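Subject: Structure for you to look over

Hello,

I am handing over a structure that you have not seen before. Please look through it first, then read the notes below.

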Amino acid sequence: MLRLSFLLMFALVLVACDSEETTMSDTDLFVGVWTGTSLNVETRVLGVPVTVPVYDVDDNGGTLTATFTENGPFTFDLDVEDGSTFEIGGVEFPLTDFTVSGTYAINESTGQITLTLLPTSQGDVGGDGNYDFNGDNRLELSVEDPDLVEALIGLADFDNPLPDGTIRGASISLQRGS
């Protein structure tokens with residue numbers, strides 16, 4: 001019984017350490033420069049949801065930066081190593097430097113973010129996503145709108161041969177920049 005109690009206490013400590021509390025409102029937390037650590041795409045393989053790594057800054061170099069300003073504008077910038085590629089559904093895509101910008105609005109009660117990009121070659125692109133803070137310095141953004149995902153990973157200007165519905169979403173892991 002003592003062993004079981006110890007294991008339960010240890011598990012609770014691990015869970016408590018995994019999720020840090022925030023010290024400001026979400027609105028205030030968003031403002032600033034965030035450095036990306038990874039960019040992933042959600043897709044399906046044989047009907048099963050699969051996360052496809054698009055770019056991992058630690059492994060591949062380059063920079064992934066998101067800047068959110070107080071009054072709603074944001075910029076998302078990816079600067080990759082020359083020759084970078086990623087694969088979705090057996091199709092290899094070149095990954096090039098790109099910048100997208102637009103406006104954002106958050107709903108703190110639902111944990112949702114609405115992104116509206118400045119006009120792209122696809123026209124106006126925007127949609128809702130989710131955000132999750134882990135403490136004041138880590139942020140996870142996720143979106144599901146395929147057009148918004150393509151714009152956020154730099155595919156908006158490519159002739160995309162993937163069937164509709166292949167790209168199901170994307171997630172971006174960020175940490176507060178210095």
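**Confidence and overall make-up**

Helices (H or I, at least four residues) and strands (E, at least two) are DSSP runs, numbered from the N terminus.

This is a predicted model, in which local features need pLDDT of at least 70 and side-chain atom pairs count only at pLDDT 80 or more, while totals for chains, interfaces and linings use all residues. Residues are numbered from 1 along each chain as its sequence is written, and side-chain values use heavy atoms, with hydrogens and water left out.

The chain has a mean pLDDT of 76, and 78% of its residues reach 70 or more. Over residues 1-18 pLDDT stays under 50, and the model has one contact (heavy atoms within 4.5 Å) beyond four places in sequence for that stretch. Where pLDDT is low, the predicted coordinates should not be read in detail.

The secondary structure comes to four helices and 11 strands. Of the 178 residues in the chain, 37% are buried. Buried means under 20% relative accessible area, exposed over 50%, and partly exposed in between, with a 1.4 Å probe and protein chains only. Among contacts between residues at least 6 apart in sequence, 58% join residues at least 24 apart.

**Core and cavity**

The largest nonpolar core has 40 residues, and Phe 30, Phe 68 and Phe 76 have the most contacts inside it. Such a core is a set of buried Ala, Val, Leu, Ile, Met, Phe, Trp, Tyr and Cys residues joined through side-chain atoms within 4.5 Å. Leaving aside neighbours within four places in sequence, the contacts of Phe 68 include Phe 30, Trp 34, Tyr 104, Ile 113 and Leu 141.

There is one cavity of 30 Å³ or more, and the largest cavity has a volume of about 130 Å³. Its lining has 15 residues, of which Phe 76, Leu 115, Leu 141, Leu 152 and Ile 172 are the closest to its centre. A cavity is a set of points on a 1 Å grid, over the protein atoms alone, where a 1.4 Å probe fits but cannot get out; lining residues have an atom within 4 Å of a point. Grid points are joined across faces, edges and corners, and the volume is the space filled by probe spheres set on the points.

Strands β3 (63-68), β4 (73-79), β10 (138-143) and β11 (167-176) each supply at least two lining residues. β11 gives the most, with four. The lining divides into 13 nonpolar residues, two polar and no charged. In this count Ala, Val, Leu, Ile, Met, Phe, Trp, Tyr, Cys and Pro are nonpolar, Asp, Glu, Lys and Arg are charged, and the others, Gly among them, are polar.

Ser 173 lies in strand β11 and counts as buried because its relative accessible area is 17%. Beyond four places in sequence, its contacts include Thr 35, Ser 38 and Leu 139.

Ile 167 also lies in β11 and is buried, at 5% relative accessible area. Its C-alpha atom is 9.1 Å from that of Asp 147, 20 residues apart along the chain.

Glu 144 lies in the loop between β10 and α4 (146-152) and counts as exposed, at 60% relative accessibility. Not counting residues up to four places away, Glu 144 touches Asp 128, Val 149, Arg 168 and Gly 169.

Regards

Technical notes
On a 1 Å grid over the protein atoms alone, a cavity is a set of points where a 1.4 Å probe fits but cannot get out, and a pocket is an open set with protein on both sides within 12 Å along at least five of seven lines; lining residues have an atom within 4 Å of a point. pLDDT is the predictor's confidence in each residue, from 0 to 100.
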